[in-house]
Structure formats: structure tokens, C-alpha cells
Amino acid sequence: MERAATEVPLIMRSHLLGADEPPAVLASRRDGRSAFVIAVDHASRRIPKRLVTLGLGESDLERHIAWDIGALAVAQGVSAALDAPLVAQNYSRLVIDCNRRPGEPTSIPTISESTPIPENLNLPAEQVSARRREIFEPYHQHLSALLEERAAAHRHTILIVQHSMTDVFKGVRREMHAAVLYNHDRRFAGCLLEALRSEAGLIVGDNEPYSGKQEIGYTLPHHGERRGIPHVEVEIRQDLIQLPSGQAEWSRRMTAALLAAEQAFLREFP
């Protein structure tokens with residue numbers, strides 16, 4: 001007798017996160033009153049227990065290669081001050097980079113800066129799929145659902161993607177304190193750049209040291225450009241936000257700059 005379709009055994013899939021491990025997404029203030037929605041692609045250095053340390057030492061997992069140091073704390077401070085929704089990734093970029101398109105060489109890096117990632121070499125397809133399914137997709141699905149929900153409610157939304165950058169990259173010292181990144185749509189980025197640069201002594205890069213026009217990122221074009229909503233990626237030098245005092249200072253600075261930029265944007269693009 002032919003087996004009914006409902007009785008066909010399921011194909012076994014590789015699982016990554018244990019039942020006792022934290023979820024892939026940190027989220028707060030979903031119903032926040034602010035126009036801003038803040039996303040943090042590289043919020044955590046956490047590695048799933050099953051992957052141990054990816055073959056790296058503890059000192060490497062404390063570095064920028066594993067996460068954006070200070071970015072989550074700054075974003076949380078801004079979120080609280082503005083009552084803005086916050087969506088953050090809860091596992092290391094070394095497991096899967098949520099700001100890279102799946103399948104790209106840097107999506108699951110085998111080397112970061114000059115550091116090899118031993119356990120990312122020659123991964124079986126089912127392990128790649130597990131990382132995407134359990135970490136990458138929940139983060140972007142949560143962010144997408146939030147933005148769609150706001151659009152359906154006709155709520156004005158400005159997407160802020162918060163990152164941090166190293167103060168020294170491959171031996172070269174970065175003098176800028178922060179940077180704003182964008183690709184085709186400079187409208188809000190220009191307003192934020194002006195607001196940040198109004199503070200004396202603050203050096204803020206315009207699409208440098210990284211450029212949104214290189215189209216290497218995923219979150220900004222996928223969630224911001226594709227929807228046609230105002231958006232910008234913000235980079236803050238990590239040595240400035242490594243400690244709680246710096247995180248509090250930059251949370252206050254970013255809160256004030258975002259509010260000023262929002263007012264300027266609404267005046268210029270009503």
C-alpha cells in the first residue's frame with residue numbers, strides 16, 4: 001500500500017542552536033513612538049555552543065573581527081532616549097555575517113582581517129544552511145516584519161543601522177570619530193552628516209572609510225533602499241565606545257544628532 005503523503009518521513013536537518021541557548025534576535029520597543037528604527041547587525045560576540053570557539057582563542061573573540069564593540073550599547077541608549085524600536089543580532093558575525101548576502105565569500109568568513117577562522121573552512125552544505133536558517137533569517141525576518149507593520153499603519157520610518165569600526169585597520173590609524181554611509185539615497189545621510197559635523201572638533205566621514213556605494217552590505221539596501229524609506233548606516237570608532245562612559249556620551253550625541261537630522265529632513269523633504 002502506498003504511504004500517505006503525511007506519513008513521508010521528514011528530511012533530517014542540521015541544527016545549530018540548542019534549546020537552552022539565547023535567541024538569534026534581541027528586540028525591544030516594537031511599538032515605540034519614534035520614527036526611528038535601529039538595527040545592529042553585529043551586536044554580539046556570542047558563538048553557539050555547538051561551534052565552541054570556531055578554532056579561535058578568547059582574545060580573538062574579543063576583537064572587532066567577532067563583533068562591533070560598543071554598537072549595541074549605543075543603540076540601546078538611543079532607543080531608550082527616543083522610544084525607538086531596536087532589532088539586534090545576538091550571535092557573532094564570524095558564525096554568519098548578517099550584513100552580507102548569503103553565498104558571498106564574506107558571509108561565513110574563512111579569514112577576517114588577517115586572522116584565519118579554522119572552523120569555517122570547507123563547511124558542509126547543511127551546516128551553512130543551519131547558520132542561515134537559525135541566525136541570519138530570524139534577524140532579517142524580524143526586521144522586515146517590523147518595517148512592514150509600520151508601513152501598513154502608515155507610520156513614518158527612518159532606518160538607522162548602527163555599527164562600530166576599528167581605530168586601527170591593518171596598521172593604519174583612523175582619525176575620524178564616526179562616519180555615515182549610504183548608496184543611492186543621500187537625503188537623510190546628508191542631514192545626519194551636517195548635524196554631527198556641527199559639533200566642533202568632531203571628524204565625521206562621508207562614505208569613508210567604508211562606502212555604501214560599494215554595495216558590500218546587505219541590511220541597508222535590503223531593508224532601506226528597497227522600501228524607499230530614509231536610511232543610513234552609522235559607524236563609530238570602537239575605542240570611543242568601548243567603555244560605558246563613552247557609550248553614554250555617544251548615545252547622547254547620536255540622540256541629539258538624529259533628532260536634528262529628522263527635523264532638517266522633514267523641512268527639506270516634506
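This report covers a cavity, a histidine and a set of paired strands in a predicted model.

**The cavity**

The structure holds one cavity of 30 Å³ or more. The volume of the largest cavity is about 30 Å³. Ile38, Val78, Ile160, Gln162, Met254 and Leu258 line the largest cavity. By class, five of these lining residues are nonpolar and one is polar. None is charged. Two elements each give at least two residues to the lining of the largest cavity: strand E6 (158-165) and helix H6 (244-268).

**His42**

Where does His42 lie? His42 sits in the loop that runs between strand E2 (36-40) and helix H1 (58-61). His42 has a relative accessibility of 1%, so this residue counts as buried, the cut-off being under 20%. Neighbours within four places in sequence aside, His42 contacts Trp67, Asp68, Arg93, Asp97, Asn99 and His163.

Strand E3 spans residues 86-89. Leu86 and Ala88 point one way from E3. Val87 and Gln89 point the other way. All four residues are buried. E3 pairs with strand E1 (residues 25-28) and with E2. The table gives the bridges and the direction of each pairing.

| Pair | Bridges | Direction |
|---|---|---|
| E1 and E3 | four | antiparallel |
| E2 and E3 | three | parallel |

Val25 has Gln89 as its bridge partner in E3. For Val40, the bridge partner in E3 is Ala88. Gln89 and Ala88 point opposite ways from the strand.

Key. Residues are numbered from 1 along each chain as its sequence is written. This is a predicted model: local features need pLDDT of at least 70, side-chain atom pairs count only at pLDDT 80 or more; totals for chains, interfaces and linings use all residues. Side-chain values use heavy atoms; hydrogens and water are left out. On a 1 Å grid over the protein atoms alone, a cavity is a set of points where a 1.4 Å probe fits but cannot get out, and a pocket is an open set with protein on both sides within 12 Å along at least five of seven lines; lining residues have an atom within 4 Å of a point. Grid points are joined across faces, edges and corners, and a volume is the space filled by probe spheres set on the points. Ala, Val, Leu, Ile, Met, Phe, Trp, Tyr, Cys and Pro count as nonpolar, Asp, Glu, Lys and Arg as charged, and the others, Gly among them, as polar. Buried means under 20% relative accessible area, exposed over 50%, partly exposed in between (1.4 Å probe, protein chains only). Contact means heavy atoms within 4.5 Å. Two strands pair if DSSP finds at least two bridges between them.
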